[in-house]
Amino acid sequence: MKIRAKKSLGQNFLVDKNILKKISNLVNLEDNIEIVEIGPGSGYLTEYLLKKKPKKIYVIEKDENLVEILSKKFEENIEIINSDILKFVDNKIFKQNTIIFGNLPYNISSQILVKFIINKNDFKFKKLVFMFQKEMADRILAKVNSKNYSRLSILTNWKFDVKKIIDIKSNSFSPKPRVDSTLLTFTPKKIIYKFKNPNNLEIITNIFFNQRRKKIKKPINQIFRGNEKIISKLKLNLDLRPQNVDFDTYFDLTVEFEKLTN
Ligand code: SAH
């Protein structure tokens, strides 16, 4: 059956067999894992993932038409969930041995990633394997003092070790998108900074990066009202700009912010 791709749902299907195989090879046969796939589309990647014989595979697809196609195509070993991943709350499907795959709809890819960084129920999983538009991946991977360093790099690094697997040209997709893509994996860190409420890390990074060209003196004053103790405790150089402040300092700032708002 010919499928008409819906732009509004970011439907660009990955059709390059070599790449599909490469992505599915991130699963070791002997791993005894469960898989969740976000946005399976018509199931190209799903087919390859099934060959890895996971204990269980769940797919979450928003488009009802695709859900119908998927349920005809796959008969067993697969649970098809017709839902919007951003509204999906049944977190019981995520377990310690779950690998979550997604050739994500690019208009909401950062929101989806944040959902897995800041999850209220603190559900567990083994790894994320997500495809992003290349520019977004560059922002996620960026390190301090680079122009792509952003909120998303800081949030991601709080929770995960990120790894770039491969860049993928736009002609591996159908319909062909205007941008190239990058596949990243995210592995939860064993030890992370503890926050009372991880949303506070979002709040803090928002305040800084909403004025990314200004010196940090301004947001620091805004948040801490020039509190000298905090400035000297964290050895803050107020002449820096948000892009020059390292991950740990943002985490420390969040901890101090939480003490203040207690
Ligand atoms: N993984 C497939 C399709 C990628 S396109 C492939 O590579 O061939 C993105 C997919 O995400 C589409 O199937 C689209 O319908 C689905 N999608 C879009 N928004 C979604 C949402 N909010 N929740 C779940 N799936 C969504």
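This is a predicted model: local features need pLDDT of at least 70, side-chain atom pairs count only at pLDDT 80 or more; totals for chains, interfaces and linings use all residues.

How many residue pairs are in polar contact across the interface of domain 1 and domain 2?

1. With both partners at pLDDT 80 or more, the rule finds nine residue pairs in polar contact across the interface of domain 1 and domain 2. Helix H6 (residues 151-159) supplies six residues, the largest share of the side of domain 1 that touches domain 2. Sorted by class, that side has eight nonpolar, five polar and three charged residues.

2. The salt bridge. Across the interface of domain 1 and domain 2, the rule finds one salt bridge. A salt bridge joins the side chains of Arg151 and Glu202, at 3.3 Å from N to O. A nitrogen-to-oxygen cut-off of 4 Å applies here, so this pair counts.

3. Domain layout. In the domain assignment of the protein chain, domain 1 covers 7-188 and domain 2 covers 199-260. Their C-alpha centres are 32 Å apart. As for contacts, 16 residues of domain 1 touch 15 residues of domain 2.

4. Buried area. Between them, domain 1 and domain 2 bury about 1300 Å², and 67% of this lies on carbon and sulfur atoms. On the domain 1 side, the residues that lose the most area to domain 2 are Tyr149, Arg151 and Ile154, which together make up 44% of what that side buries.

Conventions. Residues are numbered from 1 along each chain as its sequence is written. Side-chain values use heavy atoms; hydrogens and water are left out. Domain bounds come from an automatic or database domain assignment. Contact means heavy atoms within 4.5 Å. Buried area is the accessible area (1.4 Å probe) that two parts lose on being put together, summed over both. A polar contact is a pair of N or O atoms within 3.5 Å; within protein, one must be able to donate a hydrogen and the other to accept it, and residues adjacent in sequence count only if both atoms are side-chain atoms. Helices (H or I, at least four residues) and strands (E, at least two) are DSSP runs, numbered from the N terminus. Ala, Val, Leu, Ile, Met, Phe, Trp, Tyr, Cys and Pro count as nonpolar, Asp, Glu, Lys and Arg as charged, and the others, Gly among them, as polar.
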